[in-house]
Every structure is written in structure tokens, then in C-alpha cells.
Amino acid sequence: MAEPLLDRARRAGRRLRVNGDARAHYVVCGRDALAYWVVRALLATEFEAGRVRITLVVPERPSSDEPDGRDLQGVEVVRADRLDEVTFRRAGLAGADGLALLHQDDVGNMHAALCAQEVEPGLRLVVRMFNTNLANGVRQIFPDSAVLSDASMAAPAFVAAALGEVAPTHFRHGGRTLYVARRDDVRPTDVVCGVADTRDPQQVRLLPADGRAADLVIAEATGTPPGTELAARRLRRARRRRRPLTVLLRAVRSFATRKIGVAVIVLLAVIGVLGWLNGYASHQGWADSLYLTLVTTLTGQDPDANKSAAEQVMQVVLNLAGLALIPLITAVVVDGIVNARLALHSGRIQPERSGHVVVVGLGNVGTRVMSQLCDFGVEVVAIDKVPEPRGGALARRLGVPLIVGDAALEETLQSASVGGCQALVVVSTDDETNLQAALNGRAVNPELQVVLRLFDGHFAERIQQAFGIGVSRSVSYLAAPSFAAALLDRAVIATIPVGRHALLVTEVSVAAGSALDGRPLAAVGRAESVRLLAHARAGQRLDWAPDARLVIVAGDRLTVVARRAGLNALLREAAPPVPEDPVTPTPRQPEE
């Protein structure tokens with residue numbers, strides 16, 4: 001730990017010599033909403049106190065309509081399509097305190113980290129990676145680094161929402177294993193504190209003043225299964241048996257195209273009418289008429305001049321119909337085999353299911369959600385418009401059916417039996433497709449539990465109000481606090497998702513001369529903003545039931561659960577005082 005501290009002191013001295021700016025400097029590289037929310041978190045935490053400078057590196061052109069932070073006030077923006085030594089020097093990485101690489105490309109982020117090491121060795125590095133198995137290798141190359149996965153952080157919240165349970169948030173702190181649960185599911189003696197009152201979905205109250213009013217609590221683990229596992233067990237018991245007759249009918253219906261089917265039906269109707277007329281003209285019974293019709297149509301008959309004119313006309317027409325029927329039968333067989341193979345390959349022919357979960361989009365988040373649902377023993381059907389999505393190989397390994405198609409189309413959702421599913425989890429990277437899939441799912445089943453991923457938080461709130469889709473989550477919003485804290489070298493102990501909100505559990509150290517130094521512990525908590533979990537003197541163990549009258553002294557450690565704004569305010573109160581007459585440095589222009 002001494003080496004990173006020495007490196008930071010050396011970088012601070014270099015900043016002061018180069019441009020006279022003693023503020024901490026952080027560089028963030030991204031191209032999507034995660035970069036936006038990470039920069040927002042950094043600005044809210046440190047910028048107002050005047051202790052940090054942020055440089056954002058984004059592509060020349062936005063990759064999508066979602067915000068990436070380039071329009072935020074108070075941020076230096078460097079536009080570059082390549083993350084190499086030249087770009088990092090333009091961004092002022094030499095002497096910087098930290099670098100966040102937030103692109104959705106594991107190999108690209110690794111290459112960028114190696115380039116950054118050439119510019120600033122020993123840099124504090126935060127890397128976004130889907131494959132967290134690479135974390136140990138990254139830490140060996142970059143000792144002062146953190147490897148985080150936004151998909152891993154957000155997936156438990158999507159899984160819990162799909163099963164109608166509390167997100168399985170577990171963390172260990174101060175020798176205790178704590179988790180989030182409903183008050184009715186835990187013993188009163190295991191409750192540590194109240195977290196939220198969620199009994200009214202339209203008005204969720206976070207950290208209410210009276211903790212006893214909260215139905216969502218932080219409790220100490222006692223060995224009982226978490227709520228999500230219990231929900232999965234109930235789901236497995238309630239799942240009904242599959243219906244093979246429905247599968248057969250759906251397979252027959254998809255055997256041939258509509259045009260060929262109509263042609264065959266029309267031709268068979270013509271043959272039937274002519275056969276009846278032929279039998280009527282020759283005074284035959286229905287059995288003989290059917291026999292003569294089939295023989296005449298399929299094999300033909302020798303001409304017979306002794307037949308009546310009506311019989312001869314019927315025979316000629318039936319022979320002509322037979323000539324058309326044979327190619328049509330061949331076309332039906334060939335077309336049916338081709339369609340059946342394509343349907344099986346794309347997953348369109350599926351057994352009718354009930355009680356399962358449909359996951360739309362097997363990208364980073366969808367793959368994690370599918371995997372965790374399978375770990376709980378929940379039956380999953382996946383949908384993706386790409387034949388080989390990122391999670392396709394894992395889906396085959398887990399035996400999860402993958403339907404290749406557009407989830408915005410109702411027939412695609414019908415093939416996944418969305419009408420009888422437990423929940424529809426829509427986590428693709430396209431807001432328009434996600435919304436259309438959610439609305440079509442609700443049209444099929446008005447009572448369907450929909451877990452919707454939307455990048456735009458304001459848009460998600462409007463969707464909830466307009467369409468009654470009560471569960472919509474932003475992966476970037478849930479994960480950003482952990483990335484920002486890692487960049488600032490602060491440990492976020494846990495992130496607790498509650499609806500579209502996120503509560504943070506963290507430990508705050510009180511600095512000498514700060515606003516909290518000398519005040520009682522009662523000053524820490526704020527209704528609906530901050531709640532104190534534990535307190536410890538320097539070098540001592542945590543006290544989980546401290547006296548609110550106890551006076552805070554420098555070096556104390558406060559474990560709190562808080563909303564973002566409340567935590568930012570608490571960090572400023574616990575920080576050392578800002579000099580009365582700070583020198584405002586001239587912003588350094590990026591090198592061309």
C-alpha cells in the first residue's frame with residue numbers, strides 16, 4: 001500500500017510543477033451512459049469542494065442517442081477515437097491520480113491500460129470488464145487497479161425483480177454478514193436497520209425517519225435462504241407440465257408457407273367438388289366416388305368413348321387437377337422441411353411453457369441474468385435478434401432455448417410462450433426495442449411482471465407513469481457509484497437497489513477540523529438521506545448500537561447507508577476544511 005501512496009504524492013508534486021494545479025486529476029474514458037453517470041458521481045462528490053479536476057475522453061461522434069457526459073458542465077472533454085499514448089497525453093494523463101476505462105470491450109480496455117502505463121506508470125486504474133476472470137491478471141500487471149463489471153453488479157437486481165423478491169444484496173463488514181430482506185422474512189432480533197418502505201409502489205420512501213415503518217431492512221444472516229432462492233423454489237413447484245399436443249399443432253402450422261397452403265386447400269376443394277359431380281353423374285355411391293376421384297386425380301384413367309359427355313369432361317378436368325396437385329405436394333414437402341429446419345435452428349418451434357422467465361437480449365447483462373436464473377433452477381427462454389449473441393454459447397451449455405428474432409414483434413414473444421411466463425426481462429441495448437417488447441408482452445398478458453432496462457432515467461420514469469410498467473432499471477445508474485468510488489480509492493461496501501433508486505453502504509473517515517469533528521453522532525443521520533449503521537474509534541472494533549450522544553473525534557469511522565446526495569453531503573462534512581483563500585488555477589489546455 002505504501003507504493004501507491006508514494007506514487008500519488010509524486011504525481012501531486014508533478015501537477016504542481018507543471019501547471020500550478022494541486023487538485024486531484026481523474027481521466028474517464030467511455031462512450032455510453034456509464035461514463036455519464038460516473039462523471040456525474042465524481043462531480044457531485046468532489047467537484048463542488050474544489051478538490052478535483054475531471055477530463056472525459058469520448059469518441060469524435062456519439063455512438064448512440066444515450067448521454068455519454070460530453071455535455072456536462074465543469075468537465076474538460078477530449079475527443080478521440082483511439083485510446084493510445086497520444087490521446088492520453090492530450091488528456092493530461094501524466095501526473096493524473098486515476099484513469100477509468102469504461103468501454104464495452106475487454107481486449108480494448110486492456111490495450112488502453114497498457115498504453116496508459118507508458119504515459120503514467122503506477123497509475124490508479126479502474127477497468128470495466130465483462131470477463132471478471134481476467135481481474136487477477138490485470139492486478140498483477142497494474143498493482144493499483146480495480147476491475148469491475150457493471151453487468152455483475154446489476155444482474156441480481158434484475159433477477160430479484162423478475163421473481164418479485166428483494167435484490168439479493170449480501171456484504172460482510174465488521175465481522176458480520178448482512179443482507180437485505182423483507183421484515184416479515186427475518187426474525188426481529190436479526191434486523192439491523194430499516195431501509196425503505198415499499199408497500200406503496202407509487203411512492204417508495206427510502207430511509208424513513210421511523211425505521212420501524214420500513215418493510216425492507218438490513219438484517220444479519222442466520223443461515224436461512226435469501227428471498228430470491230425461496231422465490232425460485234416456489235416457482236419450480238408451481239410450474240405446470242408441458243403440453244406436447246400444442247407443440248405438434250404449432251409445428252404443423254409452421255410446416256409450410258401461407259401461399260402454398262392456400263393453393264393446396266383451393267386445389268383440394270376443386271378436386272372434391274369435381275369428384276362429387278363425377279360420382280353424381282355416374283350414379284356411384286360416396287365410397288366408389290371417392291375411389292374413382294383419387295385414382296383419376298393421382299394416376300389418370302384410360303379414355304372411354306362410351307362414357308357420357310359429362311363424365312368425359314369430369315375425367316379431363318380431374319386429370320388436369322392431378323397434374324397440378326403432384327408438384328404442389330412436392331413443393332409442400334420441400335418447403336416444409338426447409339421451414340422446419342430453419343424454425344428449429346432459430347428456436348421458433350418451442351413447447352408451450354408456463355411459469356418460466358423470458359430474457360430478451362443476451363448481451364453482458366442478459367447473459368448474467370440468464371445464468372443466475374438457471375443457478376436458481378428457474379426455467380429460462382432467451383430471445384436475441386443476433387444468431388450468435390455474446391451469451392449464445394452459454395445458453396447452449398445451460399440448455400436454454402434461444403429464439404432468434406425481433407422481440408418487438410408479437411409473434412416472437414408468442415413463440416417464447418410469453419402469455420404464460422412468470423416475468424419478461426427486457427435487457428437489450430436498444431430502448432425502442434425494449435419498450436416495444438414490454439408493451440407487446442403486456443398486450444398478451446396484462447398481469448405480466450415486466451423488468452425493463454432503459455438507459456434514459458427520465459424516460460423510464462415517464463414510461464412507468466404512462467404505461468404502468470413499474471419496474472424499469474438502468475444498469476449504468478446502479479453501477480456508477482461503485483466505479484466512482486473505486487476511482488477515488490474509496491470502498492463502497494455494497495449497493496442496494498430499491499426500485500429505480502440505489503442506496504450505498506460505505507465507511508466514512510472523519511478528518512481533523514472537519515464539520516463533523518466535535519459533533520454528536522446524532523448529527524450524522526438525516527431522515528430519507530443518511531442512516532448510521534455503526535461507529536468505531538480509530539483502531540477499535542465497530543459498535544453496531546452506538547450512543548447518539550457520543551461526540552465524534554478525528555479518526556472515527558462511520559458506517560452508513562445513504563442515498564447519493566446524502567452521502568456526498570456527508571463526505572464533504574467529514575473532509576478536511578478547504579483553505580479560506582484558495583488560488584484558482586488557470587485550466588490547462590489539452591495538447592494538440
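Cysteine 29 is buried, with a relative accessible area of 0%, and cysteine 115 also counts as buried, at 7%; the term buried denotes a relative accessible area under 20%, exposed over 50%, and partly exposed the range in between, computed with a 1.4 Å probe on protein chains only. With a disulfide defined as a pair of cysteine sulfur atoms within 2.5 Å, the count comes to zero disulfides. The model is predicted: local features need pLDDT of at least 70 and side-chain atom pairs count only at pLDDT 80 or more, while totals for chains, interfaces and linings use all residues. Residues are numbered from 1 along each chain as its sequence is written, and side-chain values use heavy atoms, with hydrogens and water left out.

In soluble globular proteins, nonpolar side chains tend to be buried together. A nonpolar core is taken here as a set of buried Ala, Val, Leu, Ile, Met, Phe, Trp, Tyr and Cys residues joined through side-chain atoms within 4.5 Å. The largest such core has 63 residues, and those with the most contacts inside it are Val28, Phe158, Val359, Val369, Leu373 and Val425. Helix 2 (residues 33-46) supplies the largest share of this core, 10 residues; helices (H or I, at least four residues) and strands (E, at least two) are DSSP runs numbered from the N terminus. A second, separate core of 24 residues includes Val78, Phe88, Ala96 and Val147.

Valine 359 touches Gly366, Val369, Leu373, Val380, Val381, Ala382, Ile383, Val425 and Val427, leaving aside residues up to four places away in sequence; contact means heavy atoms within 4.5 Å. Helix 12 (residues 364-375) has 12 residues and reaches 17 Å from its first C-alpha to its last, close to the expected 16 Å, a span given by 1.5 Å times one less than the number of residues. Its buried residues are Asn364, Val365, Gly366, Thr367, Val369, Met370 and Leu373. Glycine 377, which follows helix 12, has a positive phi near 80°.

Most residues other than glycine have a negative phi. Leucine 207, however, has a positive phi near 45°. This leucine 207 lies in the loop between strand 10 (205-206) and strand 11 (216-220) and is buried, with a relative accessible area of 0%. Serine 417 likewise has a positive phi, near 55°; serine 417 lies in the loop between helix 14 (410-415) and strand 15 (423-426) and is buried at 2%.

The structure holds 17 salt bridges, each a side-chain nitrogen of Lys or Arg within 4 Å of a carboxyl oxygen of Asp or Glu. In one of them, the side chains of arginine 53 and glutamate 76 meet at 3.1 Å, N to O. Arginine 53 lies in strand 2 (residues 52-58) and glutamate 76 in strand 3 (residues 76-79), so the pair ties together parts that are 23 residues apart in sequence. Arginine 53 counts as buried, at 5% relative accessibility.

Arginine 182 and aspartate 215 form another salt bridge, at 3.7 Å, N to O. Because arginine 182 lies in strand 8 (residues 176-182) and aspartate 215 in the loop between strand 10 and strand 11, this pair ties together parts that are 33 residues apart in sequence. Arginine 182 is partly exposed, at 29%, whereas aspartate 215 counts as buried, at 14%. Finally, Asp197, Arg199, Arg205 and Glu528 are linked in a network of salt bridges.
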